[in-house]
Every structure is written in C-alpha cells, then in structure tokens.
Amino acid sequence: MNDLARGIFRDRERLTTAFERVLDSGYVVMGPNHNEFQRALAAYLGVKHVLGVASGTDALELAIKTVMPAGRNTVVTAANAGGYTSVAAKHAGFSVRYADVDSESLCVSLETLVPSLTDDVGVVVVTHLYGNLTDVTNLVSYCHNRGIRVVEDCAQAIGATLDGKSAGSFGDIAATSFYPTKNLGAIGDGGAIATSNDEFAAIVAQLRQYGWSTKYRVEIPAGTNSRLDEMQAAFLLARLPLLDGFNERRRDIIERYRAAAAGGPLRVLPALGGHHVGHLAVALTANRDYVRAALLALGVQTDIHFPIPDYAQLGFGSDLQSLATTDRISKEILSLPCFPELTDEEIQQVCGAIESLK
Ligand SMILES: Cc1ncc(COP(=O)(O)O)c(C=O)c1O
C-alpha cells in the first residue's frame, strides 16, 4: 500500500542538507526553520498565519478549542473520516454529533449537515476526505449566520485548490497533519493550524505552549505542549516545493486506475482537477471481500479507509446512531495503492489486476 523508504531515499540529499542546517543552527524547537516553514506554508496556502504543532490530531483539538463560541459545546462532523476529529473534540471536552455524508463526495455537505445544526452546536469540522476539497462556501455562510464556526481538516487535502483558493483558506481555521504517509509528510509526527484571523492565531500560539502569553505566564486555560520541532520543520521546508508534483502524480495514478476499472465491478472515485490531490485511491464495490481477495491473489494489497463509523466505535461509547450513506460506504469502500513513488510497472500491475475483475 505504501513504501515510505522510497520517498526518503529519493529526497535523501535535500533531507540531509536540512538535517545539517538544524544541527548547525543549534536550535531545536521554535527556531529559524520552524518560523520559515510557518511563513512558507502560509504563503503556499494563501492564509495570514500558520502555526506548527506536534500532530494533526493536536491541530484539530487546538483549532476546535480556539474557535468554539462561548456557551456552546457541540462539534458536528462526519463519522467516516477515521475518528481523528472525535478524539480531538472529546479531548477538548466537547460533545460530538455526526452528520451523514454526500453519496458522491463522501464528505459532509450543507444538505447533510442542516438536520444536526441545533443551538448547542458551536463548531462544524469538514474533512476534505481522500484529498477532495469539498466546496464549503455555502456551508460557511450558513454556519456563520447561526454563530457556528467552521474548521477544515486538510490532513488529506493539502495543496488542493478551488477557484484559486487553497484547502484551509475557506473556513475560520484549518488543521493539517504531516504524518509521513500524508501528501506532505515529515520524517515523524507533525501538524499545523492555518488561519487568517489574527485573534485565533494568537490564541493557538498560546494554547500550543501551556497557555503562556509570555514565558512562564499562563494567561489562558487548557493550554498544552504541542510544538513542531526544528528537525521536522526543516524536512517539511525541504519537501514543500515538491508537493504540487507529488499531487499531480497521485491524480495521474488514480485516473489510470479509473480507466482500467471502467465497465467493471469497481467504481474508482475520480481525482481529476486541482480540487483533488489524490491522497487515497478509493473505490466502491458491493462485493468487497471477493474483490480484495482477487486483487491480493494478483499481488495487489488494499486497505479500508475507514472500516468503522465513529458512532459505532466502542471506545467512543458507540451510541447506536445510524447514518444511511455512512453505513453503506463503510461496507463498500476500499483503497488501492497510491503514493507518488509507485513505479509505472507497478501501476500497470494494479491496472491489470483491476481489469481482470471484469
Ligand atoms: C483526515 C485526518 N485528520 C486528522 C489526522 C490526524 O493526524 P495525525 O496522525 O498527525 O494526528 C489524519 C491522519 O492521521 C487524517 O487522515
């Protein structure tokens, strides 16, 4: 499904240079690489502020804490996005309610959200799932008219653009992850928050360092330690210029799978256009166990992103909620290998295996 070593070996020279730059600087946290990466990513995304944090889950938690309006306590999100928002919102002390997803985009939409948006809701988290920047323009204005803030989860969609705007620049604030399998991956954990709101950026800057206003002076509650270290910032800075090329390659891989699947039992979701960065090559089939076994017999691994809706997770206190589209797709989705370092021969092998299903 993935082979991280290939990307590391390919980028070895630029990563080594970055590594040496950090050692030479003598800074280990909140130093020049961190600051430069924040600036570079903010420019890339077209937002005023980027703040590095320790992971994508921390980014979600801090973003939710920052924008939750006073007097409200509920976060609404999709239940098919791996549970990261649920972990973050619950850790922040808020309740989570799930909205169903659109059957084409597999992301929440204004229509699927509206039934959940009661007066206690303060935050909606929109996950741009699988790399697909879902259009949140109408959703953001609808939410703002009701005093609800919108957090974009861009962990799978960094670099996606719609009408000249980047994923992460549509809502009030955005969270992203640099987990190594992400389109922009570190050599360890990392995450970031993006916003153009000065007040929110100032709050995040405090929350990620114990709630400090200045050193040793705790000004706001619920702070934590969540910093992006110099080493990861330097690696990410070295890789950022490669991101658009990687995203193009991912889209291309998915389109080749789609062509191979045409007319067969697998429906590969499209990834054409700048609004999609092909984080995962996802297909739907009513016959998943059979298809997975047939592909595996031809040497093609698959995975499922994600097999259990959040509301059915034991650890989240499964509340027997049921959402029709979310339930159905959790039984039909499967992911095919998709990472930029796949060779043309390997892509061809996957295409051949897909064609053999017809
Ligand atoms: C959509 C989404 N949100 C959040 C996260 C959490 O990021 P992290 O693993 O860096 O905590 C991930 C991936 O891991 C993700 O895919």
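The legends below describe several close-up views of a predicted model. Local features are reported at pLDDT of at least 70 and side-chain atom pairs at pLDDT 80 or more, while totals for chains, interfaces and linings use all residues. Residues are numbered from 1 along each chain as its sequence is written, and side-chain values use heavy atoms, with hydrogens and water left out.

**View 1. Surroundings of the ligand.**
The ligand is surrounded by Ser55, Gly56, Thr57, Leu60, Tyr84, Thr127, Asp153, Ala155, Gln156, Ser177, Lys182 and Gly190, where a residue is counted if one of its heavy atoms lies within 4 Å of the ligand. Gly56 places a backbone N or O atom 2.8 Å from an oxygen atom of the ligand, and a polar side-chain atom of Thr57 lies 2.6 Å from an oxygen atom of the ligand. In Asp153, an N or O atom of the side chain is 2.6 Å from a nitrogen atom of the ligand.

**View 2. Helices H4 and H8.**
Helix H4 (residues 56–67) packs against helix H8 (residues 198–207) at an angle of about 130°, with the axes 10 Å apart; helices here are DSSP runs of type H or I with at least four residues, and strands (E) are runs of at least two, numbered from the N terminus. Axes are lines fitted to C-alpha atoms, for helices over the stretch in contact, and angles run from 0 to 180 degrees between N-to-C directions. H4 and H8 are therefore oblique to each other, given that angles under 35 degrees count as roughly parallel, over 145 as roughly antiparallel, 65 to 115 as roughly perpendicular and the rest as oblique. The contact (heavy atoms within 4.5 Å) is made by Leu62, Lys65, Thr66 and Val67 of H4 and by Phe200, Ile203, Val204 and Leu207 of H8. The residues of this contact divide into 6 nonpolar, 1 polar and 1 charged, with Ala, Val, Leu, Ile, Met, Phe, Trp, Tyr, Cys and Pro counted as nonpolar, Asp, Glu, Lys and Arg as charged, and the others, Gly among them, as polar.

**View 3. Helices H3 and H9.**
The axes of helix H3 (residues 32–45) and helix H9 (residues 230–239) come within 8 Å and cross at roughly 40°, and H3 and H9 are therefore oblique to each other. From H3, Pro32, Asn33, His34, Glu36, Phe37 and Ala40 meet Glu230, Ala233, Ala234, Leu236 and Leu237 of H9. The residues of this contact comprise 7 nonpolar, 2 polar and 2 charged.

**View 4. Helices H10 and H13.**
Helix H10 (residues 243–261) and helix H13 (residues 344–355) have axes that come within 8 Å and cross at roughly 30°, which makes H10 roughly parallel to H13. Residues in the contact include Arg249, Ile253 and Tyr257 of H10, together with Asp344, Ile347 and Cys351 of H13. The contact as a whole divides into 8 nonpolar, 1 polar and 4 charged residues.

**View 5. Backbone geometry in two loops.**
Most residues other than glycine have a negative phi, and most peptide bonds are trans. Tyr130, in the loop between strand E4 (121–127) and helix H7 (137–145), has a positive phi near 65°. The peptide bond from His305 to Phe306 is cis, with omega near 15°, and Phe306 is located in the loop between helix H11 (288–297) and helix H12 (324–332).

Methods. A polar contact is a pair of N or O atoms within 3.5 Å; within protein, one must be able to donate a hydrogen and the other to accept it, and residues adjacent in sequence count only if both atoms are side-chain atoms.
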